[in-house]
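Work through the following exercises with the sequence and the model open. Each task is followed by a solution in steps.

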Amino acid sequence: PTEVRSQVLHTQGENPAHRVIEAAATFPSAEKARAFVQASADKWAACANKTVKFTTSSKSSGWTFGDVTGAPPKITQVRTETDGSGKTCQHVLKAV
């Protein structure tokens with residue numbers, strides 16, 4: 001990408017129940033943007049049905065990644081926290 005912009009919105013509180021992180025990137029051409037989504041789809045697919053552990057200085061949590069859905073130019077993938085809380089996080093990547 002030649003430029004990236006992002007913003008974060010969330011409900012109030014120290015540990016917000018809802019959070020949206022949005023980012024946009026520019027590429028030198030539409031073809032390069034589509035190639036980025038394709039390469040990402042291949043990488044995301046390698047994580048499907050795998051569990052990873054995220055660790056920070058204050059806590060750690062496990063997340064299991066679902067299958068990649070869609071196809072370039074738009075892909076999505078959901079990850080679910082393994083603690084039984086039902087917390088999910090959806091990732092979406094789209095070239096426009």
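In which loop is Pro 73 found? Pro 73 is found in the loop between strand 5 (69–71) and strand 6. Helices (H or I, at least four residues) and strands (E, at least two) are DSSP runs, numbered from the N terminus.

The model is predicted: local features need pLDDT of at least 70, side-chain atom pairs count only at pLDDT 80 or more, and totals for chains, interfaces and linings use all residues. Residues are numbered from 1 along each chain as its sequence is written, and side-chain values use heavy atoms, with hydrogens and water left out.

**Exercise 1. Describe the chain as a whole.**

Step 1. Take the elements: the chain has 1 helix and 7 strands. Their order from the N terminus is β-β-α-β-β-β-β-β.

Step 2. Take the extent: along the principal axes, the C-alpha atoms fill a box of roughly 40 × 30 × 20 Å.

Step 3. Take the surface: the accessible area of the chain is about 7200 Å², and carbon and sulfur atoms account for 53% of it. Such areas come from the Shrake-Rupley method with a 1.4 Å probe; for residues, only the protein chains shown count as cover.

Step 4. Take the burial: of the 96 residues in the chain, 17% are buried. Buried means under 20% relative accessible area, exposed over 50%, and partly exposed in between (1.4 Å probe, protein chains only).

Step 5. Take the contacts: among those between residues at least 6 apart in sequence, 26% join residues at least 24 apart. A contact here means heavy atoms within 4.5 Å.

**Exercise 2. Follow Ser 61 and Val 52 across two strands.**

Step 1. Place the residues: Ser 61 is in strand 4, and Val 52 is in strand 3 (residues 51–55).

Step 2. Classify them: Ser 61 has 13% relative accessibility and so counts as buried, whereas Val 52, at 32%, is partly exposed.

Step 3. List the contacts, leaving aside neighbours within four places in sequence. Those of Ser 61 are Val 52, Lys 53, Phe 54 and Glu 81. Those of Val 52 are Ser 61, Gly 62, Trp 63 and Phe 65.

Step 4. The side chains of Ser 61 and Trp 63 are joined by a polar contact of 3.1 Å. A polar contact is a pair of N or O atoms within 3.5 Å; within protein, one must be able to donate a hydrogen and the other to accept it, and residues adjacent in sequence count only if both atoms are side-chain atoms.

**Exercise 3. Compare Ser 40 and Ala 95.**

Step 1. Ser 40 is in helix 1, and Ala 95 is in the segment after strand 7.

Step 2. Ser 40 is buried because its relative accessible area is 8%; Ala 95, at 15%, is buried too.

Step 3. Not counting residues up to four places away in sequence, Ser 40 touches Ile 75 and Leu 93. On that basis Ala 95 touches Ala 33, Arg 34, Val 37 and Pro 73.

Step 4. Ala 95 and Glu 31 are 64 residues apart in sequence, and their C-alpha atoms are 9.3 Å apart in space.
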